[in-house]
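I wanted to write down each thing as I looked it up.

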Amino acid sequence: MPTLLIVHHTPSPNCQALFEAVVSGATAPEIEGVRVVRRAALSATASDVLAADGYLLGTPANLGYISGALKHFFDQVYYPCLDETRGRLFGCYVHGGSDVTGALRAIETITTGLGWRRAAAPVTVTGEPGKADVEACWELGATVAAGLMDVS
């Protein structure tokens, strides 16, 4: 059964709302035969990454960059997973107070280095998430999970 690994740093109610929407989309009844595993960025391991077929990444934008927790995750898994995970699907969502450009650039750079393939456009949210933002995160979760339905 294909596995979707959701790696997130969720320090605020705004990030929590987006995370819950992603999980809801990824576990929608229409998504069949995909196991969804959730890991906080500080507890996700290379073994988690190697055991998954696709990834969803969630982070706040802190000081113009990804959260320290997501950076720590990438620092821990990058080289152990570099050759084994090339070509796998991923998606991401980023929440910021006013600007998420640097955080999005960091994710793009790191995932390009890993050779991961974007399954859907990133969801970026500034300020308090509105209904459209939550719906976009639901769609992101569903899209990435659906992309794994045929992976065996």
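The entries below go from the whole chain to its nonpolar cores.

I note at the outset that this is a predicted model, so I read each value as computed from that model.

I looked up the secondary structure, and I found 5 helices and 7 strands in the protein chain, which follow one another along the sequence as β-α-β-α-β-β-α-β-α-β-β-α.

Next I checked the overall size: a compact globule of 152 residues would have a radius of gyration near 15 Å, and because the protein chain has 14 Å, the two agree. The box filled by the C-alpha atoms, taken along the principal axes, is roughly 40 × 35 × 25 Å.

I then asked what percentage of the 152 residues is buried, and I wrote down 49%. For contacts between residues at least 6 apart in sequence, I recorded that 84% join residues at least 24 apart.

When I turned to the side-chain charges, I listed 10 positive and 15 negative ones, with the centres of the two sets 5 Å apart.

Which residues have the most contacts inside the largest nonpolar core? I found Leu-57, Phe-73 and Phe-74, in a core of 30 residues. Several elements each supply at least two residues of this core, among them strand S1 (3-8), strand S3 (54-62) and helix H4 (101-114), while the largest share, 7 residues, comes from H3.

Last, I noted a second, separate core of 23 residues, which includes Val-22, Val-123, Leu-140 and Val-144.

Notes
Residues are numbered from 1 along each chain as its sequence is written. This is a predicted model: local features need pLDDT of at least 70, side-chain atom pairs count only at pLDDT 80 or more; totals for chains, interfaces and linings use all residues. Side-chain values use heavy atoms; hydrogens and water are left out. Helices (H or I, at least four residues) and strands (E, at least two) are DSSP runs, numbered from the N terminus. The radius of gyration is taken over C-alpha atoms; the globule rule is 2.2 Å times the number of residues to the power 0.38. Buried means under 20% relative accessible area, exposed over 50%, partly exposed in between (1.4 Å probe, protein chains only). Contact means heavy atoms within 4.5 Å. Lys and Arg count as positive and Asp and Glu as negative; His and the chain ends are not counted. The place of a charge is taken as NZ of Lys, CZ of Arg, CG of Asp or CD of Glu. A nonpolar core is a set of buried Ala, Val, Leu, Ile, Met, Phe, Trp, Tyr and Cys residues joined through side-chain atoms within 4.5 Å.
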